[in-house]
Amino acid sequence: MLPYYFFSFISLVYFLILYNWNLTDALHIIKTSFYGIRNQLLSGSLWFFPCLFLMSIIHYVFLRLFGKEIFIFGISVGLFFFTQTMLPFNPALQPSWFMNLDSALYYYVFYAAGGLSFSLTSKAFFRTKLFNKLAWRITAAAAALMALKCYFEGGLWLASKLL
């Protein structure tokens, strides 16, 4: 959470100077930064820090309670459906809970899927002699090329080719 609060402070100072805000405006921005709700933040991209922080805590608690990534992934799917069917709003479009807890419950399925896939692949692949320094370099280069392709052509370029 330190990066969130640090960059919230930096953006507050920046906008105070840029727009010549008074104390009332500054207090409003401090309040919205404290609540940390995604679509209400002055620096909108900072919403990810509290959301990731909460997902990490949720995952840690579930690991302690259940211990198996497959069970946790099942729970995360349930939480995803909860956010889409039981809440009166869609957290992906209109988040409103403190520190993006609703968004964390919505996006947690992706966090849990990453935890499950890592636990499966790390046992089968990463701990073998096959995955040596050369394999790490090839994987890093492929990931960098994929990131560049997504950056310049959009994130859905692969899906558009497959469909």
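Predicted model: local features only at pLDDT ≥ 70, side-chain atom pairs only at ≥ 80, totals over all residues.
Figure 1. An α-helix has 3.6 residues a turn, so residues three or four places apart point the same way. The ring centres of Tyr108 and Tyr111 lie 6.0 Å apart and their planes meet at 25°, so the pair is stacked, given that planes under 30 degrees apart count as stacked.

**Figure 2. A second stacked pair, Phe15 and Tyr19 in helix H1.** In the protein, the count of aromatic pairs comes to 14. One of these is the stacked pair of Phe15 and Tyr19, for which the distance is 5.8 Å centre to centre and the angle between the planes is 5°. The two residues are four residues apart in helix H1 (residues 2–19), so they are separated by about one helical turn. Phe15 is buried, with a relative accessible area of 16%, while Tyr19 is partly exposed, with a relative accessible area of 49%.

**Figure 3. The length and the two sides of helix H1.** Helix H1 has 18 residues, and at 1.5 Å a residue these should span 26 Å, which agrees with the 26 Å between its end C-alpha atoms. Which residues of H1 are buried? They are Tyr4, Ser8, Ser11, Leu12 and Phe15. When the helix is seen down its axis, the buried residues fall within an arc of 110°, and therefore they line one face of H1. On the other side of H1, Leu2, Phe9 and Ile17 are exposed.

**Figure 4. A cluster of aromatic rings.** Seven residues are shown together here, namely Trp47, Phe48, Phe80, Phe81, Tyr106, Tyr107 and Phe110, and they are linked into a cluster by ring pairs.

Figure 5. The residues Phe53, Ile57, Tyr60, Val61, Leu65, Phe66, Ile70 and Phe71 make a nonpolar surface patch of about 800 Å². Two helices, H3 (48–66) and H4 (69–85), each supply at least two residues of this patch, and the largest share, six residues, comes from H3. Ile70, by contrast, has its place in helix H4.

Figure 6. Met99 lies in the loop between H4 and H5, and although Met99 is not a glycine, its phi is positive, at about 50°. Asn100 is found in the loop between H4 and H5 as well, and Asn100, which is not a glycine either, has a positive phi of about 60°.

**Figure 7. The whole protein chain, as a setting for the close-up views.** The protein chain contains seven helices and zero strands, and from the N terminus on its elements run α-α-α-α-α-α-α. Of the 163 residues in the protein chain, 31% are buried.

Terms used. Residues numbered from 1 in each chain as written. Heavy atoms only, no water. Phe/Tyr/Trp six-rings, centres within 6.5 Å; stacked < 30°, edge-to-face > 60°. Buried < 20%, exposed > 50% of the residue type's maximum accessible area, 1.4 Å probe, protein only. Patch = residues over 30% accessible without salt bridge, like charges linked within 9 Å, V, L, I, M, F, W, Y side chains within 5 Å. Areas by Shrake-Rupley, 256 points an atom, 1.4 Å probe, with all protein chains shown as cover. Salt bridge = Lys/Arg side-chain N within 4 Å of Asp/Glu carboxyl O. Expected span 1.5 Å × (residues − 1). Arc of directions from axis to C-beta.
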